[in-house]
Amino acid sequence: MATFIVLLGPPGVGKGTQARILADAKKIAHISSGDLFRENIKNQTELGKHARSFIDKGELVPDDVTIGMIRERLSRPDCIPGAILDGFPRTPVQAVALEKMLAEFNGEVSVVPYITAPESVVVGRISGRWTCRLNGHVFHHMFNPPIKAGICDIDGSELYQRKDDEVETVTIRIRVYLEQTIPLVEYYRKSGKLIEINGAQSVEQVSKDLCAAVNI
Ligand code: ADP
Ligand code: ADP
């Protein structure tokens with residue numbers, strides 16, 4: 001049975017950073033719903049144009065669009081052994097849809113690391129986040145600065161600040177998280193799959209705790 005790891009946590013807590021480290025270390029696919037949306041926006045697809053109107057306002061993209069996009073991604077061969085899901089599911093409706101999809105692909109959610117940090121920490125992380133245009137690698141102007149300002153260390157592409165990382169939109173995203181994603185935390189807690197990870201630590205320490213929690 002293929003095993004899928006669902007990373008939960010507020011915006012900016014470090015889910016993407018940790019998912020990339022874990023995916024590289026364990027050689028499994030990393031599926032980031034936010035990255036998939038941003039790729040569609042960059043390529044000006046219909047899905048991207050539709051999603052953008054929600055993302056720029058800090059709201060969630062409707063479930064049907066999001067679930068359809070993830071279904072397509074899960075059907076690719078690199079997900080056969082399993083994957084790390086980062087940013088999806090974000091609502092209980094999406095979690096139920098995920099279970100149905102995984103059953104079709106002979107998989108299941110094995111563990112749900114829930115990365116937490118106080119709001120002031122996540123706001124500080126988001127306000128200093130710089131994202132690379134080509135592959136979505138992230139840097140932080142203080143905690144993880146690129147060697148050359150404005151340039152991605154990994155692929156040399158330009159770094160930019162996400163429009164939805166502006167402070168007004170971040171306030172909305174945190175509210176949306178509390179209203180729509182916290183119920184999902186309770187859903188997974190009841191299932192016994194939730195493991196809390198202290199995200200207010202260095203990248204390396206969070207990564208150690210995460211590796212121990214997922215045990216793969
Ligand atoms: P964060 O840094 O907040 O974790 P993401 O990159 O995961 O941000 O998501 C950016 C935006 O993309 C969200 O604010 C939302 O508009 C949209 N999005 C991402 N994942 C989902 C999802 N599972 N359901 C609905 N919208 C989503
Ligand atoms: P998320 O995917 O949850 O929105 P990211 O992985 O994009 O979060 O991280 C948000 C910002 O915080 C990025 O600029 C990243 O470099 C930085 N960051 C991630 N983890 C840590 C950490 N443990 N300590 C300090 N900064 C971090």
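Helices (H or I, at least four residues) and strands (E, at least two) are DSSP runs, numbered from the N terminus. With those labels in hand, welcome to this predicted model, where local features need pLDDT of at least 70, side-chain atom pairs count only at pLDDT 80 or more, and totals for chains, interfaces and linings use all residues. Residues are numbered from 1 along each chain as its sequence is written, and side-chain values use heavy atoms, with hydrogens and water left out.

**The second largest pocket**

- Here, a pocket is an open set of points on a 1 Å grid over the protein atoms alone, where a 1.4 Å probe fits, with protein on both sides within 12 Å along at least five of seven lines.
- The second largest pocket holds about 690 Å³ of space.
- Its lining has 27 residues, and D35, R38, E39, K42 and Y160 are the closest to its centre; a lining residue has an atom within 4 Å of a point.
- Two or more lining residues come from each of β2 (29-32), α2 (33-42), α3 (46-55) and β5 (129-132).
- With six residues, α2 gives the most to this lining.
- Sorted by type, the lining has seven nonpolar, seven polar and 13 charged residues. Ala, Val, Leu, Ile, Met, Phe, Trp, Tyr, Cys and Pro count as nonpolar, Asp, Glu, Lys and Arg as charged, and the others, Gly among them, as polar.

**Helix α1 with helix α8**

- Helix α1 (residues 15-26) packs against helix α8 (residues 203-214) at an angle of about 55 degrees, and their axes are 10 Å apart.
- The two are therefore oblique to each other (angles under 35 degrees count as roughly parallel, over 145 as roughly antiparallel, 65 to 115 as roughly perpendicular and the rest as oblique).
- On the α1 side, T17, Q18, I21, L22 and K26 meet V203, V206, S207, L210, C211 and V214 of α8, where contact means heavy atoms within 4.5 Å.
- Seven nonpolar, three polar and one charged residue make up the contact of α1 with α8.

**Helix α6 with helix α7**

- Helix α6 (residues 119-127) and helix α7 (residues 167-191) pack at about 135 degrees, with axes 11 Å apart.
- That angle makes α6 oblique to α7.
- E119, V122, V123 and I126 of α6 make the contact with V170, R173 and I174 of α7.

**Two backbone details**

- Most residues other than glycine have a negative phi, and most peptide bonds are trans.
- Q44 is not a glycine, yet has a positive phi of about 55 degrees; Q44 lies in the loop between α2 and α3.
- The peptide bond from F88 to P89 is cis, with omega near -5 degrees, and P89 lies in the loop between β3 (82-86) and α5 (92-104).

Definitions and conventions:
Chains are lettered from A and ligands numbered from 1 in the order in which they are written. Axes are lines fitted to C-alpha atoms, for helices over the stretch in contact, and angles run from 0 to 180 degrees between N-to-C directions. Grid points are joined across faces, edges and corners, and a volume is the space filled by probe spheres set on the points.
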